[in-house]
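Welcome, and thanks for taking a look at this one with us. Here is a short briefing to read alongside the model.

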Amino acid sequence: TAPAQLRNFSIIAHIDHGKSTLADRMLQITGVVDQRAMRAQYLDRMDIERERGITIKSQAVRMPWAVDGVQHALNMIDTPGHVDFTYEVSRSLAACEGAVLLVDASQGIEAQTLANLYLAMEGDLEIVPVLNKIDLPAAQPEKYAEELAGLVGCDPADVLRVSGKTGEGVSELLDRIVARVPAPVGDPDAPARAMIFDSVYDTYRGVVTYVRVVDGRLEPRQKIAMMSTKATHELLEIGVSSPEPAPSKGLGVGEVGYLITGVKDVRQSRVGDTVTGAQRPATQDLGGYRDPKPMVFSGLFPIDGSEYPVLRDALDRLKLNDAALQYEPETSVALGFGFRVGFLGLLHLEIVRERLEREFDLDLIATAPSVVYEVRMDDGDVVTVTNPSEFPEGKVKEVREPVVKATVLAPSDFIGAVMELCQSRRGELQGMDYLSPERVELRYTLPLAEIVFDFFDQLKSRTRGYASLDYEPTGDQAADLVKVDVLLQGEKVDAFSAIVHKDKAYPYGLMMAGRLQKLIPRQQFEVPVQAAIGARVIARETVRAIRKDVLSKCYGGDITRKRKLLEKQKEGKKRMKMVGRVEVPQEAFIAALSSD
Ligand code: GTP
C-alpha cells in the first residue's frame, strides 16, 4: 500500500473504558473477522489478560477501509493500559501518526488516559477524541464532551460518540481516522529503518517482532541488523496481521507488520530498537531505545522446597517472552531456596506470580516488594541494594531512593483525603488543576517505596474508589532511611528486614514483632522477638516457654488420639525452619509476610 493510503493509529483508554470491545467491533465492521469467527476480545491473547480484562502486550492489526471509493489500510496498534508498561506504550505510540482518545461516557477522564494522552501529545500525534458506551443509561455525553474538548482543544461538537457494544458510530470513527490522521512519510530510497514496538515469544515460530517501517523497505530473505546490538539475522518471514499473520513480499515506508528471524528470546529483538538492512545499514537509529529497568524486587520462594527446580525452569520459560524480567538465585533462612526477581512494577509482579502459579502449578510465597536503593558509604563505595537483608554494614554516608511523578485524578470532594494520604507518604505537591468543577488533577512527587506499599489500595478506599493514579519514574533523592531487622532470640530473620524511613522504623518494628509473637509457637525456652536498627533494639515482644509435650493434653485413655497427635507433630516438623535454636513452622513466616 502506498503511504498516502496508510493510517497508523492507537487507541488510548483507561482500563475498562472499552478499548478491546471497540477494537473487536472495528475488526468486524471492516470485515477482517467475520461474525461467526468473532471471539469476544480477539486482541487479548493471554488468559490472564482476558480474565482480568487488562492488556499486557501490544499487537497490530491491519484493516481495509474505503472512503469515497478509495481503499485505505488502517493499522491499529494496541497499547498496554497500565502504569508499569509506560515504555511499551510510548513505543507503540511512536509507531503511529494518530491516537483515538477513548473515554467512557459514564465515567469521564481518568489518570491513565491523561498520562497516555500527554505521551501522545509529546509525540505530536493527531488526537481523535471519542466518547464510548453512549448506549449506557448513565452516559453523560454532553458533560464529558466538554471535558474532553477542553483537554484536547477542540469543539465539543467534534467529539465523536460511539458504542463499541452496539456498533453505533464506529464506521463514522473509521472515516474520521482516515480524514484526520496524517499519512506516514518516509524516504523509500534511504537505507531501511524500522522501529520495534513489540516482541512476543511464540512456541512454534520463535520470537515474532512487530515493527513500523520508517524508511526504505524490508524483504524476506534479507539480512537485517539490530542497531543497538549490531546482531544480524536473516528475515525468514515478514508480513501483516489481519488479524491472523499473512506473509507478504515485503514492507515499505509507513507500513506496520511482523517479522520472524528464528531467534528464541525476546532479548534479541528488543522493543524500541531499530531494525536496518545488514548490506546497506542506516547510520542513525530512530532513537528512543531504552533498556527495560526493573523498579521493584521481591523474593519468590516455593512453599514446597522440592519445587525449586520447577520454579527455575518456569522463570527461564517466562523470560523468553518478557525482556524486563530479571532474576537470580536467593537463599533465605526463613524461606529456603528461591529467586530474587526484578519487575517493572507491582502489576508486573502480580502478573508474573500469577502465571507461575497458574501455568506452572507452583505454590509461591513472595517477600514484601522492595525498590532499588543506592547506598553511598563513607569510604566512597556505592552499593546498589535490591534486597533489604543485603544492606551494607559500616558507615553509611547517604541512602538514595527512586522517586516518581504521580498524577491523581479525583472528584473535588476528595482533595483533602488525597492530600492527606500523599503527605503521610512523604509526597510533595507539584501542582493542581481543575479539569471541571467536580474533577481535579493533583500532581505529586513521591518515593516509589511509598507507592509500592499499599498506596493504591489506600487511595481507593479513601476516595470510595473514585480516584485514579498514574506515575512514572523521575529519578532519585537522598532520604533518611534505615534498615530495620527482625530478630528471634538474637538471630536475624532475613525475610523480614526492611528499609524504611526513620519516622516509620518504630511502627514497622512494633508491628512485625507483634505479628511474629502471635504466630510463633511456644518453645521449651523463652524466645525474645525483637526489631532493631543496627545494634539498637527498638521493639521487643516475648514468646513464653512451655514444656513441649504434645501428649500432656490427653489424659491417658484414647490410644488412637495419641497416635494421631504424634503423627501430626512429625508432619509439622518437616516444615519447621530453624532460626538459631528456635523452631518456626514455615506457615508462621508465610502468615507474617502475607497479613497486612
Ligand atoms: P482493558 O483491556 O482492561 O484496558 O479494558 P478495555 O478498555 O479493553 O475494556 P473492555 O473492552 O474489556 O470493556 C470493559 C467493559 O465495558 C466490558 O464489560 C464491556 O462489555 C463493557 N463495554 C465496552 N464497550 C461498551 C459499550 O459501548 N457499551 C456498554 N454498555 N458496555 C461496553
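In which loop does R221 lie? R221 is found in the loop between β8 (206–215) and β9 (223–226). Please keep in mind that this is a predicted model. The points below take up the backbone, the sheet and the cysteines.

**Positive phi values**
- R221 is a residue other than glycine, yet its phi is positive, near 75°.
- With a relative accessible area of 56%, R221 is exposed, because exposed means over 50%.
- R464 also has a positive phi, near 50°, and is likewise not a glycine.
- The loop that holds R464 runs between α11 (455–462) and β25 (468–479).
- R464 counts as exposed too, at 64% relative accessibility.

**The open sheet**
- Eight strands make up an open sheet with antiparallel pairing, and their order is β10-β9-β14-β7-β8-β13-β11-β12.
- The edges belong to β10 (232–234) and β12 (245–247); each has a single partner strand, so one side of each lacks a neighbour in the sheet.
- From one strand to the next, the twist averages 40°.
- Within this sheet, β7 (residues 193–202) and β14 (residues 274–277) pair in the antiparallel sense over three bridges.
- A194 has V275 in β14 standing opposite.

**Cysteines**
- Searching the whole structure turns up zero disulfides.
- C154 is in no disulfide, and the nearest cysteine sulfur, that of C96, lies 19 Å away.
- C154 is partly exposed, with a relative accessible area of 27%.
- C422, by contrast, counts as buried because its relative accessibility is 0%, and buried means under 20%.

Methods
Residues are numbered from 1 along each chain as its sequence is written. This is a predicted model: local features need pLDDT of at least 70, side-chain atom pairs count only at pLDDT 80 or more; totals for chains, interfaces and linings use all residues. Side-chain values use heavy atoms; hydrogens and water are left out. Two strands pair if DSSP finds at least two bridges between them. Helices (H or I, at least four residues) and strands (E, at least two) are DSSP runs, numbered from the N terminus. Axes are lines fitted to C-alpha atoms, for helices over the stretch in contact, and angles run from 0 to 180 degrees between N-to-C directions. A disulfide is a pair of cysteine sulfur atoms within 2.5 Å. Buried means under 20% relative accessible area, exposed over 50%, partly exposed in between (1.4 Å probe, protein chains only).
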